[in-house]
Amino acid sequence: MTEIVVTNKPEQERWQARFGGEDYVFGTEPNAFLASQAHLLRPGMTALSIADGEARNGVWLARQGLSVTSQDFSPNAQVKARALAAQHGVSVEFVLADIDLWEWGAPRFDLVVGIFFQFCEPARRVKIFAEMQRVLRPGGLLMIEGYTPAQLKYRTGGPSELDHLYTEELLRSSFADLEVLHLADYEAELNEGARHKGMSAVIDFVARKPRLAAAG
Ligand SMILES: C[S@@+](CC[C@H](N)C(=O)[O-])C[C@H]1O[C@@H](n2cnc3c(N)ncnc32)[C@H](O)[C@@H]1O
């Protein structure tokens, strides 16, 4: 198995065990919110999907003609992610890295996607949110879906720590430099594999990094 340096080995092993079976834990269809934003996508865009797991989202983006980088720290997830990409005949760049240790590189993405990556306490999250924003090109899009505090009553997926959950205010203030295109906090039935199933309280966020002002 591919070994990488991680900050929290037991946490990586926990995800490795979850992804060790044959089933796709969150399914092979894209996240419903992400798919609902298809009208904003154009073939040829460069996209980063962080904590992409078995790459149901990264592979779907590649199927839309985007040039995709899929990042996660679980080798087991990426074995299945590669199989899913091959099944659909698309190529995806897979980056195996701990998100806290990864060098995100220069701004180069037209789209940065983060779907259900609420494993971070606030201090870690600040850095990840800042990097998601930084690696966007001017005019680039950010898309996030996560659970809200109301999810604690449903227990149909997501973390149990209140401060890992998102509110409208948190997302607006964390991405105050971006233009918000869509922000919706709602409760709905999710059906995204065995781990995200049933009534759920989620928040969807789409924002654009400002384009550079024209000179003169
Ligand atoms: C709830 S799953 C969501 C997976 C994917 N975004 C989806 O919607 O199908 C959370 C993902 O975060 C990844 N993850 C957790 N901690 C991580 C870390 N420190 N660095 C990179 N990935 C991490 C897990 O391996 C897992 O794939």
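**Terms and their grounds**

Guide: The shell around the ligand comprises ten nonpolar, four polar and five charged residues. Here Ala, Val, Leu, Ile, Met, Phe, Trp, Tyr, Cys and Pro count as nonpolar, Asp, Glu, Lys and Arg as charged, and the others, Gly among them, as polar. The model is a predicted one, in which local features need pLDDT of at least 70 and side-chain atom pairs count only at pLDDT 80 or more, while totals for chains, interfaces and linings use all residues. Residues are numbered from 1 along each chain as its sequence is written.

Visitor: Which residues come nearest to the ligand?

Guide: Phe26, Ala51, Gly53, Phe73 and Ile99 do, out of 19 residues around the ligand. A residue is near a molecule or strand if its C-beta atom, placed from the backbone, lies within 6 Å of it.

Visitor: Why does Val180 count as partly exposed?

Guide: A residue is buried if 20 or more other C-beta atoms, placed from the backbone, lie within 10 Å of its own, exposed if 12 or fewer, and partly exposed in between. Val180 has 15 C-beta neighbours inside 10 Å, and therefore counts as partly exposed. In the protein chain, 40% of the 216 residues count as buried.

Visitor: With which residues is Val180 in contact, leaving aside its neighbours within four places in sequence?

Guide: Val180 is in contact with Arg172 and Ala207, where contact requires C-beta atoms, placed from the backbone, within 7 Å. Val180 belongs to strand β6, residues 179–192. Strands (E, at least two residues) and helices (H or I, at least four) are DSSP runs, numbered from the N terminus.

Visitor: What is the order of the strands in the open sheet?

Guide: The seven strands follow the order β3-β2-β1-β4-β5-β7-β6, with mixed pairing. β3 (93–96) and β6 are at the edges because each has a single partner strand, which leaves one side of each without a neighbour in the sheet. Two strands pair if DSSP finds at least two bridges between them. Strands β1 (residues 46–50) and β2 (residues 67–72) are parallel and joined by four bridges; in β2, Ser67 stands opposite Thr46.

Visitor: How many helices and strands does the protein chain have, and why is it called as compact as a globular protein of its length?

Guide: The chain has six helices and seven strands. Its radius of gyration is 16 Å, close to the 17 Å that the globule rule gives for 216 residues, so the chain is as compact as a globular protein of that length. The radius is taken over C-alpha atoms, and the rule is 2.2 Å times the number of residues to the power 0.38.

Terms used: Two residues are in contact if their C-beta atoms, placed from the backbone, lie within 7 Å.
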